[in-house]
Amino acid sequence: KAVVSTQSTGLIERIHTRRLYTLLHSTPPSDRIFPDKEVILKEVVGEESDLSPHIAIKKLCLNFGKWGKNGDPLQPVVFYDKHGTVSSERLYQECSMFVPVSWSQRQLLFFCKSEDSSIHERLKGRVQEWIANANFSPSSSQ
């Protein structure tokens, strides 16, 4: 019979009792390419390396188009003018002012693994400071 570690038993117990990881904060949606999670983790915790085991970072990427050259779902659409003439490129350019500049959005979610309120508050402060310094202005998502 395999011996189950107390860490995994504790994790399963948290799942069963719905004491899940707490969402600390999330970045605004943007088209920014984020570095690896390890790099972000080091930037967030900084000198307080004792916080590293208590934070989880999830990269979220929402793609609103197709996985193609530009990810633009309107590119393969054929447009016809009122005479039945195919004029895809011209009509695409006319309607392109109504489509987003980017067909995907990226976001980071920061979770606290610990149930200790002091660790939770320290992490929350570090994450908020990192997001504020990362300059997620509305223009960066354009």
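## Ala132 and the end of helix H4

Ala132 is part of helix H4; helices (H or I, at least four residues) and strands (E, at least two) are DSSP runs, numbered from the N terminus. The structure is a predicted model, in which local features need pLDDT of at least 70 and side-chain atom pairs count only at pLDDT 80 or more, while totals for chains, interfaces and linings use all residues. Residues are numbered from 1 along each chain as its sequence is written, and side-chain values use heavy atoms, with hydrogens and water left out.

Ala132 has a relative accessibility of 57% and therefore counts as exposed. The classes are buried (under 20% relative accessible area), exposed (over 50%) and partly exposed (in between), with a 1.4 Å probe and protein chains only. Thr27 lies 105 residues from Ala132 along the chain, and their C-alpha atoms are separated by 9.5 Å.

## Chain layout

The chain has four helices and three strands. Read from the N terminus, these elements follow the order α-β-α-β-α-β-α. Of the 142 residues, 25% count as buried.

Contact means heavy atoms within 4.5 Å. Taking contacts between residues at least 6 apart in sequence, 73% join residues at least 24 apart.

## Strand pairing

Strand E3 (residues 104-112) pairs with strand E1 (residues 22-26) in the antiparallel sense over four bridges. Two strands pair if DSSP finds at least two bridges between them. In this pairing, Leu23 stands opposite Phe111 of E3.

E3 also pairs with strand E2 (residues 55-63), again antiparallel, over nine bridges. Leu62 has Gln105 in E3 as its bridge partner.

## Two buried helix residues

Ile40 sits in helix H2 (residues 37-45). With a relative accessible area of 0%, Ile40 is buried. Not counting residues up to four places away in sequence, Ile40 touches Phe34, Pro35, Ile57, Lys59, Leu108, Phe110 and Trp130. Of these, Trp130 is 90 residues from Ile40 in sequence, with a C-alpha to C-alpha distance of 9.1 Å.

His120 belongs to helix H4 (residues 117-133). Its relative accessibility is 16%, so His120 counts as buried. Leaving aside neighbours within four places in sequence, His120 is in contact with Thr22, Leu24 and Cys112.

## Cysteines

How many disulfides does the structure hold? The number is zero, where a disulfide is a pair of cysteine sulfur atoms within 2.5 Å.

Cys112 is buried, at a relative accessible area of 0%. Cys61 is partly exposed, because its relative accessibility is 42%.

## Largest pocket

The largest pocket has a volume of about 200 Å³. On a 1 Å grid over the protein atoms alone, a cavity is a set of points where a 1.4 Å probe fits but cannot get out, whereas a pocket is an open set with protein on both sides within 12 Å along at least five of seven lines; lining residues have an atom within 4 Å of a point. Grid points are joined across faces, edges and corners, and the volume is the space filled by probe spheres set on the points.

The lining of this pocket consists of Gln7, Ser8, Gly10, Leu11, Arg14, Tyr21, Pro53 and Lys113. By class, the lining has three nonpolar, three polar and two charged residues. Ala, Val, Leu, Ile, Met, Phe, Trp, Tyr, Cys and Pro count as nonpolar, Asp, Glu, Lys and Arg as charged, and the others, Gly among them, as polar.
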